[in-house]
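Visitor: I would like to learn how to read the features of a protein model, one at a time.

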Amino acid sequence: MIVNESEMDSIAATASGTLVTDIAIVGGGLAGSLAAAVLARAGHRVVLIDKRAVHPAEFRVEKIAGQQLNILRRLGFIRELEAVACSYDRVLNIREGKVVDVSVGRAYGIPYADLVAMARRLIPDRSSFIVDQVSAVTCSDDVQHLLLASGKRVTARLVILATGMAGVLGYGLGITRRVLAERHSVSFGFTIARPDHSPFEFEALTCYGERTADGVDYLSLFPVPAGMRANLFMFRDPTDPIMRELRRETKSTLLRLMPGLQPYLGDFRVIDPVQNWVMDLSVVEGHLQPGVVLIGDAFQTNCPAAGTGVSRLLVDVERLCTEYVPRWLETDGMGNEKISQFYSDRDKIAADQLSLSMARFRQALTSSNDIRWNVRRRFHFMRRNITHRVDRIQPGWIARVRGALRA
């Protein structure tokens, strides 16, 4: 099926019915849809292929902040995000029922499906979105061929795989996935509200785990259009009975794990189905192939608790689509010497390495009983609390000191 087939002005078709384009992007999640929007807006012929016309309500990225906003601003997409997401500026951070500190900075809450829908709307020509499934990819130094489940064919100079953790197409090209940490973390997502629908007494809140034995990193509460969204991140065996309890008796189990949370929430209820996600840490190997490049989770998976997954994804999209693809298309060929430039990009490598290091840091800080980490954990929260107290006495003092150190 091809969306708006009669309006396919930006895609050429041969007499045999094969679609000919500059770039074929496989996977219409956030990474693939944003990449398609960036490249199409720059005037390149792009085909985005995904098996679903509307992305399902998956529990994935649900908030955007910090560096992520800076990248979206540079890409020219910040206004579109502001139009569909809920903004907030202050996050109350607590542990054991006490305030640790307050984080200040603009952030946005939005369901992943809405984020993908926003990205797809950014594609100038909707006819370049094909609802189909790629059955096979054949790549070379010059031209790449894609066979779709419908029998249609696509020919492109470059293929971008944005297929997330689905590795079937990659395996066909000799690309494999190496697991660094199996079942590294478990995440839960659900929405809460007060019975009378009155607002909570905070814009957003983060509650950190109280005991290492519980394996709870933190609970993040933030506004989305449907209400107050809750993201719970844990480092614990996914087969532990408490996982079933969190799905079936979410409220009571949550308050049992985090008793200091009750005074801040008051009476509340869970208003939608609880979703959960088990994440492996993994990287791909054998990915340096002519004519094809991997981005986002297709290249490396992340720990959701570290909050670096969408940052990595956006770095991939920005560097590939604004720096490398336009340059590659200026000359013939799409061999390994071109593809390797993206994988060797300093910003990409830094984002990938930070993601893995933060994943290991969050796990150790949350659940390690080693005396070194016990001391580090105490110091981590003590330092944050002291900084918060000083900043309340002398507002802006910490920011000025940090600014001076960066200068």
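The dialogue below goes through pockets, surface, backbone angles and salt bridges.

Guide: This is a predicted model, in which local features need pLDDT of at least 70 and side-chain atom pairs count only at pLDDT 80 or more, while totals for chains, interfaces and linings use all residues. Residues are numbered from 1 along each chain as its sequence is written, and side-chain values use heavy atoms, with hydrogens and water left out.

Visitor: How much space lies in the second largest pocket?

Guide: A pocket is an open set of points on a 1 Å grid over the protein atoms alone, where a 1.4 Å probe fits and where there is protein on both sides within 12 Å along at least five of seven lines. Its volume is the space filled by probe spheres set on the points, which are joined across faces, edges and corners. Here, the second largest pocket holds about 450 Å³ of space.

Visitor: Which residues lie nearest the centre of that pocket?

Guide: Lining residues have an atom within 4 Å of a point. The second largest pocket is lined by 16 residues, and Arg-95, Glu-96, Arg-378, Phe-381 and Met-382 lie nearest its centre. The elements that give two or more residues to this lining are strand E6 (98-109) and helix H12 (371-393), and the largest share, eight residues, comes from H12. Helices (H or I, at least four residues) and strands (E, at least two) are DSSP runs, numbered from the N terminus.

Visitor: How many residues of each class are in the lining of the second largest pocket?

Guide: Ala, Val, Leu, Ile, Met, Phe, Trp, Tyr, Cys and Pro count as nonpolar, Asp, Glu, Lys and Arg as charged, and the others, Gly among them, as polar. By these classes, the lining has five nonpolar, three polar and eight charged residues.

Visitor: Which residues form a nonpolar patch on the surface?

Guide: A patch is made of residues with over 30% relative accessible area and no salt bridge, and nonpolar side chains (Val, Leu, Ile, Met, Phe, Trp, Tyr) are joined within 5 Å, whereas like charges are joined within 9 Å. Accessible areas come from the Shrake-Rupley method with a 1.4 Å probe, and for residues only the protein chains shown count as cover. In this model Met-382, Ile-386 and Val-390 form such a patch, with about 250 Å² of accessible area together. Met-382 lies in helix H12 and has a relative accessible area of 48%, so it counts as partly exposed; buried means under 20%, exposed over 50%, and partly exposed in between (1.4 Å probe, protein chains only).

Visitor: Which residue has a positive phi of about 50°?

Guide: Most residues other than glycine have a negative phi. Arg-183, although it is not a glycine, has a positive phi of about 50°; Arg-183 is found in strand E11 (residues 176-193) and is partly exposed, at 41%. His-197 is also not a glycine and has a positive phi, of about 65°. His-197 sits in the loop between E11 and strand E12 (204-208), and it counts as exposed at 60% relative accessibility.

Visitor: How many salt bridges does a search of the whole structure find?

Guide: A salt bridge is a side-chain nitrogen of Lys or Arg within 4 Å of a carboxyl oxygen of Asp or Glu, and the search finds 24 of them. In one, the side chains of Arg-384 and Asp-101 meet at 3.0 Å, N to O. Because Arg-384 lies in helix H12 and Asp-101 in strand E6, the pair ties together parts that are 283 residues apart in sequence. Arg-384 counts as buried at 13% relative accessibility, and Asp-101 counts as buried at 11%.

Visitor: Where do Asp-272 and Arg-229 lie?

Guide: Asp-272 forms a salt bridge with Arg-229, the closest N and O atoms being 3.2 Å apart. Asp-272 is in the loop between strand E15 (269-270) and strand E16 (275-285), and Arg-229 is in strand E14 (residues 227-234), so that the pair links distant parts of the chain, 43 residues apart. Asp-272 is partly exposed, at 26%, whereas Arg-229 counts as buried at 6%.
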